[in-house]
Amino acid sequence: MMSVGGPQAAGSRPGLFRELVESSQDAILIKALDGEITFWNAAAQRLYGYPPEEAIGSHVGMIVPPDLKDEEACLLERISRGVRIDHYETRRTTSDGRVLDIDVTLWPIRTPDGAITAACSTMRDITERKRAEAELTELHAQQRQISLALNLMGNARQIPGALAASRYLPSTQGQGVGGDWFDLIDLGAGRVGVFIGDVMGRGLDAAVVMGQLRSAARALALAGLPPCEVMQTLDAFTRDLPEPFVTCVYLEADPARGEITVCSAGHLPVLLIEPDAKVRELPVPTGIPLGVGGVPHQQIRLPLRAGTTLALYTDGLVETSSSDIDLRLKLVTGMLEDAFASAGGLESAADRVLHTLLPDTDTYADDVTLLLVTFPTAPLDTAETALACESASIPAGRRFLRAKLQEWGLMAQADTALLLASELLTNAFRHARGPFNLRLWHSVRELGVEITDRSTPRPRARLAESTEEDGRGLLLVEALADAWGTRPTINGKTVWFTLLLAPAEQDADHRPCGPDDHALLTRQLADPAIG
């Protein structure tokens, strides 16, 4: 802006001063300390619509909106104290009633003896810039909401066999929401899948990639693939995405067997909190991030005690520009030990970690995700037996199952369990290779039956013709079991089903079936015309 002090400051060259002021693209006016306008250049006329003869002698309030009259008085008071005001953004009105966003710079005009007698103002119309800024802000807000919606689809909803607490904080910089995600998956048969990952970048692009990855990861996990195969498939999937650099860890917990299988793709270490509150890192091979390719991902199987908690997180929790990441990980470890030693619970522990590592939640540069998952109990009882690949194994398996149900006091489920186990054993005998393994377990909530064979093809339910004798076994399983599925093993596959035991779950749709129910259902499957 101009550095002159007014027309009188031009000394012997007032014509040059007026020429410079009139040629300026900025609106320039001079006003006395009482607000009377004493100078008005051509740009001011173009901006506000008032000619000089109308503006000069008028009060500056003619271009000030009614709700800003006090603001103008405050500006003049500051000028009278010798304060210069640079790039003050406000609003002004034109002769035709339009309201403009204006950038104003004001400075005092002094007499030769230093007395302040007036103020000079230069003004620029920033209406279009403000409108563009508002549109951009709205667009960012919309993208942030979409990104948050995509991210929050991975909330830690409670699932059978696990307790969870989660925290997600979008970044306070830029578009905020990034590519962090997590997911808890009920894999059936008492098993739980846990994902956490981080897509490089922030904003809508990273969130969309995250949403695609989470959907693909959930589908692969529900298909029963082991963690290393899930990672290999996601690695190939990621290479075709716009943000082909992702860290991720997937673990499959099986409390019934007391083990956990973990595979990491370049992600930060998973922390394990023992029931006695001791914290250690899981010894998992780190692997390379998804999208790099060329190196197979390795999984590891580790013991899992009842009452164990796992802590999973993204780099926003532990990485800062001013701290060593190893020191931050030690701090997390200490916070978790203190939190679990005080028996405050998962929610309290999550809050304590965040409040310690992120005391100022207005300044963190990356989005932050923390997930705590506890596996509180193991099955009350388990039993298993090996069976040869022969027809006699089918009644032998039923006898084994009946004896265990009687021993465990679960005879209310005997009819349904024996029918379904018989169907699965028959399928295994007729379509798979032996030997077979029959495994039983129960918790307070459910009874599980698993049959493992040495064949890889998975069974699938189909609609049998009315003249066929085969093809209805899996439909019975689908109709009577509360859940069922298959998963691959090293040498074959496991087919499983579960029946709910908890009274609260046994409503009209999930009560144990008796012999009459079984007979009716079998007739309906054989002849769909039967109601």
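Q: Which residues make the nonpolar surface patch of about 270 Å²?
A: The patch is made by Met200, Phe245 and Val292. Please bear in mind that this is a predicted model.

Q: Where is methionine 200 placed?
A: Methionine 200 belongs to strand 8, which covers residues 191-202.

Q: And why does methionine 200 count as partly exposed?
A: Its relative accessibility is 44%. Partly exposed is the class between buried, under 20%, and exposed, over 50%, so methionine 200 falls into it.

Q: Stepping back, how many helices and strands are there in the protein?
A: The protein has 14 helices and 20 strands.

Q: What share of the residues counts as buried?
A: Of its 531 residues, 47% count as buried. The accessible surface of the protein is about 24900 Å², and carbon and sulfur atoms hold 52% of that.

Q: On to the open sheet of 5 strands: in what order do they come?
A: The order is 16-17-18-20-19, with antiparallel pairing. Strand 16 (381-387) and strand 19 (483-488) are at the edges; each has a single partner strand, so one side of each has no neighbour in the sheet. On average, neighbouring strands of this sheet are turned by 15° against each other, direction ignored.

Q: Over how many bridges do strand 18 and strand 20 pair?
A: Strand 18 (residues 446-453) and strand 20 (residues 493-500) pair over 8 bridges, in the antiparallel sense. Within that region, aspartate 453 stands opposite lysine 493 of strand 20.

Q: Which strands does helix 12 touch?
A: Helix 12 (residues 414-431) packs on the sheet and touches strand 16, strand 17, strand 18 and strand 20. Its direction makes about 170° with that of strand 20. Helix 11 (residues 393-408) lies across strand 16, strand 17 (436-442) and strand 18, and runs at about 165° to strand 16.

Q: What about the backbone: is the peptide bond from glycine 434 to proline 435 cis or trans?
A: That bond is cis, with omega near 0°. Proline 435 sits in the loop between helix 12 and strand 17. For context, most peptide bonds are trans, and most residues other than glycine have a negative phi.

Q: Then what is the phi of alanine 277?
A: Alanine 277 has a positive phi of about 75°, although it is not a glycine. This residue is in the loop between strand 11 (271-273) and strand 12 (279-281).

Q: Is alanine 277 buried or exposed?
A: Alanine 277 counts as buried, because its relative accessibility is 8%.

Terms used: Residues numbered from 1 in each chain as written. Predicted model: local features only at pLDDT ≥ 70, side-chain atom pairs only at ≥ 80, totals over all residues. Heavy atoms only, no water. Patch = residues over 30% accessible without salt bridge, like charges linked within 9 Å, V, L, I, M, F, W, Y side chains within 5 Å. Areas by Shrake-Rupley, 256 points an atom, 1.4 Å probe, with all protein chains shown as cover. Salt bridge = Lys/Arg side-chain N within 4 Å of Asp/Glu carboxyl O. Helix = DSSP H or I, 4+ residues; strand = E, 2+ residues; numbered from the N terminus. Buried < 20%, exposed > 50% of the residue type's maximum accessible area, 1.4 Å probe, protein only. Pairing = 2+ DSSP bridges. Axes fitted to C-alpha atoms, helices over the stretch in contact; angles between N-to-C directions. Contact = heavy atoms within 4.5 Å.
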